[in-house]
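Student: Could we take a close look at one part of this model together? I would like a connected account of how its pieces touch.

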Amino acid sequence: MAGQKNFPLLMELGAPGRRAYLLPELDVPNRSLEELIPDQYLRSEPAPLPELSELEVVRHFTNLSRRNHGIDVGFYPLGSCTMKYNPKVNEDLASYPGFASLHPYQPEATVQGALQLMYELEEYLCEIAGLERATLAPAAGAHGELTGLMLIKAYHESRGEGHRDEIIIPDSAHGTNPASAAMCGYKVVEVASSERGSVCVDALRKVVGPKTAGLMLTNPNTLGLFEEDILTISEIVHGAGGLLYFDGANANAILGKCRPGDMGFDVVHFNLHKTFSTPHGGGGPGSGPIAVREDLVPFLPVPVVEKRQKSVDLAGTGQNIDEFYLDYDRPLSIGKIKGFYGNFLVMVRAYAYILSMGPEGLKQVSEDAVLAANYLMAKLKSAYELPYDRICKHEFVLSAKRQKANGVTARDIAKRLLDYDMHAPTVYFPLIVEEALMIEPTETETKAALDEFIDVMLAIAREAEESPEKLQKAPYHTVVGRLDETLAARHPVVRWQGGKDMEAKARDE
Amino acid sequence: MGYPYLPLTPGERQEMLSAIGAESVEELFSDIPREIKLQKNLDLPQPLTESELIRHVQELGDRNISLDTHTSFLGAGVYQHLVPRAVYHLANRAEFLTAYTPYQAEISQGVLQATFEYQTLICSLTGMDVANASMYDGATALAEAALMAINITNGSRVIAFESIHPDYRAVVETYLRAVGAELVVLPTDRGTADPEALRPYLGKDTAAVLVQQPNFFGLLEPVDEIGALLEDVPTMFAACVNPISLGILKAPAAYGADIVVGDGQPLGNPPAFGGPSFGFMAAKEKYIRRMPGRIVGETRDEAGNRGFVLTLQTREQHIRRHRATSNICTNAAHSSLMGTIYLAMLGKEGLREVALQCAQKAHYTAEQITALPGWEMLFEGPYYHEFAVKAPVPWTKVNAALLDKGIIGGLPLAKMYPDRPEWENAILFCVTEARTASEIQHLVQVLKGVR
C-alpha cells in the first residue's frame, strides 16, 4: 500500500457522515449558534473537510510516513543540514506534561522550571559560543540571522552610525544570509572566495569602509573549510567599524575545539535543529538562538529570562532562593521578534542533548564528525573531482564535473543514491562549485554505514562511465519515478481541486 | 567513557585516520589558528546517563504547574483543545519526525503529500486559492503578510487595529522598522475596529490593513464593512484568524481578504509554553509568486504517476538570495503536520462541533460570571470563545484565589495594555470545548468568594 502509484489524497478518502473523533456531549445549555452570534459573521456551509474513520486516518498517515526517508530510516548525508541522530529520550522529555502543557501566560511563579531550563540553556550556549548573553526566541537559523542583523543595526544607530547600510557576504554563503540582510534593509556586498575556498582577504579589504555594517560568515564555511584567516578578517571588519556575524549552520565542526567569540564574532546563531540534535520534522520547527558580546546585550529582543534572589522563610531560616522571571523592561531592545518566547519544546530537547553529552562529549562530537567527513573525502576523491583538496571540517564538497563530461549531472547522481535507500548530499550548493555534491556524514554514523556509502558512491561513479543513460533516468526503486519540477512550476497546482486539474493543465500545455 | 550517540570505536577511529593519512585527530584541526584553539574544556555540566537525564529534566518539569493538573481559562493566542491521541502517534512516526526539508522529492513523498493536503485544508478553511507550507507562527506570519503587501503595493505604511494581539503587533512593528516602513495603530475604544477610521489612510501609501478575527478580546470585527472599504483601493486586506473558529465563522475569502494568516496551534498542537506552533498563510491566486516560504505543488513522474515537489522555488532565498520574497527556510512542517492530522481526525462535522461548543461554553461562562455582583463585560458586541470582564476587585486577588483552588485564571488586560488604565481590572477569559460544566461552575463559585 505504501508503494502504491497515485497514492490517494486525504480528500479522496472517506464518506459523508463518517467520523473519526467524537466530542463529549455538550454539558452546558444547548443554545443555537444563531442565538449566540449574528448571522452576518457565520458561514452558511461547514468548511469542506474530509470525513474519515480513525483507521482510515491512521492507515493514510502511516503509509504516507512509509513513503518518506528520515534519519531513523537510513543514511542522510545532506550537507549543511547536520542530519545527526535525534535521541528518543529527548522526544519523551519534550512531551512531558510539565513542559508540553504549559500556557505561555501562566504566572511566572508557576513556570519556574521552564524559565530555569531556558536560563541554563542560554548559559550553555553562551559558553559554547564564547559570548555574553543570548536570546532563545528565534524560530530558525534564518530567523536568528534576521534578529542578529537587527541587533547590529540597533548597535550602529545607538552610536550615531545608522548610515552603515552594507552587509558583506561571501559568494559561498547560504542564501538565507543575503535574504536576511535584505529583510533588514541592508545592501548586500558580495566578496569573492580565494582559490583555496576561503574569503579572499584582499577582496575583503577593498569592500570594507565607512558604510560597512558587518560581515556574515559561516565558519567552517559552506565548502566545509575552516576560514584560516579569521583573525585577519575580524581585524579588517572591526577596523572599519563593522561587526562580525557567525552563521552557525556548521557549528557541529567546532564544539569545544574553538569558539566564535574567540574568533572575533560579535553575534552568533546556532541551529538547535542541526548542531544540538533536535529533529527537523520534515522542514521544521527549528530554533535559532543568537548569542552576542557584551555591548550588544541591551538590544536583545524582549523578553529576556533573568534570575534574581528571593528570600523565603523556610521554617524561620530566612533563606534565599533563585527566582526566574521574564524581563520586558529593556528600553534599547529591538522589540519582539516572535510570538511568546521561542520554540520552547525544541529548547527542551537541545538542553537534554547538551546534558547528555557534557563538555568532553561535545568535543568528541566535533572530532568524530570531522573524522567521518575527512574519511569519506579521502575515499571518494579518486572517483570524483575534489575542487578544494585540503583538510575539511564536518563536510566537504565534491564536483560531478568529471561525470558531467559523460552526460551525468550531480542531480543524476543524487537520484541514483535514492535507489540505495540513502538520502542524497546537498546538490548545486554552494554556487561557486560546478555540479556540487555537498556531503556531511555527521558523527552518529558507524564506520560500516560510511563504508557502505563509499561503496555506493564508487559504484555510481563506475555506472556514470559505463552506462550514463541509466543514471539519467534514476531513481528506479522509489515510490515515484523522477518527478517533473518544471511542469509543477509552469502550472502550479498547490491544492486538490477534485483531482482533475493537473491533467487539464498538462493538456493545455 | 563512551557516549551513546557516538558509535565509532577507538580502533575504527585509528583505521579511519590511517585511510586519511593523518597521525591524529588533532591534525584534522590544524587549520584552526593556534591563538583561538580552546585550551580547556567547555564549562558545562558533566554528562548524564539517560536515566539520570530523565530524572533531572522531569524534576525541572515538576517545578511547573501544568494544564494537565490545573484547570485553565487562559487563551490569548494559545488554546487548550481536546486532541485525538492519533495525532501524536501518527505525527511522531520517525519517518516524518527525522526528515529534513523534502529536497529529494522521490524519497520524500510522505512529507510532500501531507503538505499538499495541508495546503488544501488551509484553503478549505479560509476559502482562499493558495496556501504556503507554513511559517514559524501566527505573529511572524502576520509580519510576513505585512511585508508581502508592502512588496506588492510599494506602500510604506501598514495599519493595524489596537484589538490585534499586542504581541503580534509588536512583532509586526519590529519587522516593519527593519525595512523603514511605518505601523499605524488605530485605537479600538469599544473593543472592535471602527471601519470609518480607515478612510483617511486608504490609498497607495498604505500597503495593508491588518485585522484579527476574532480579535484579541474575542470580539468579532466588522469584517464585511472593512472588506467593502478595501475592495477598490490598492490597500490590501490581511486577516489574522483562529483556524478552529472557521468551523463556524465566515471564511475570510467571503469578506474580501487578500492574505489570510493565523497561528495553527489550536489545530492539534500542545500549548508548549508558546512554541513551537505553526503559522499558516493563504492568499488569492494572483499573489502566489509573491508569497514567502515553501510551496508544494502537484506534478507527474515520467510514467505519468502523480507526485509532489517543492515548487515556485525561484521566490526563495536559496535561489533568489537577496531578491527573495523572504529569508524563511526552516518553517514549522511538523507542527503543521499535526494540524493536518487533527483536521483529518475531526473532519467536517467534528470541527464545526468543536467551534460551536467553544462558543456555547464561553457564552455560558460569561453569563454566569456577569451574574455575580460587581462583575460586568468590558465590551459589548458579539464574541466567539473569549471575553473580557471587569472584576470588582484587583485582578491579582482574583487570580491568586483561583490558583489556590487549582484554577489558572484568565489573562489580565493590564499586562498587555499598560496604557489603558480604564481596562485595568479586566480579565480575558477563554473557554474551549475542553472545559466541562463542573469546571466552569467551580470557576464561578471561586470568583463569587473573592473579596
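Student: How many residues of domain 2 of chain A are in contact with residues of domain 3 of chain A?

Tutor: Happy to walk through it. This is a predicted model, where local features need pLDDT of at least 70 and side-chain atom pairs count only at pLDDT 80 or more, while totals for chains, interfaces and linings use all residues. Residues are numbered from 1 along each chain as its sequence is written, and chains are lettered from A and ligands numbered from 1 in the order in which they are written.

To your question: 18 residues of domain 2 of chain A touch 18 residues of domain 3 of chain A, where contact means that C-beta atoms, placed from the backbone, lie within 7 Å. On the domain 2 side, seven of these residues are nonpolar, eight polar and three charged (Ala, Val, Leu, Ile, Met, Phe, Trp, Tyr, Cys and Pro count as nonpolar, Asp, Glu, Lys and Arg as charged, and the others, Gly among them, as polar). The centres of the two domains, taken over C-alpha atoms, are 29 Å apart. As for bounds, domain 2 of chain A covers 113–300 + 330–354 and domain 3 of chain A covers 361–486, from an automatic or database domain assignment.

Now for the contact between the chains. Chain A gives 176 residues and chain B 174. On the chain A side, 101 are nonpolar, 45 polar and 30 charged.

Key
Two residues are in contact if their C-beta atoms, placed from the backbone, lie within 7 Å.
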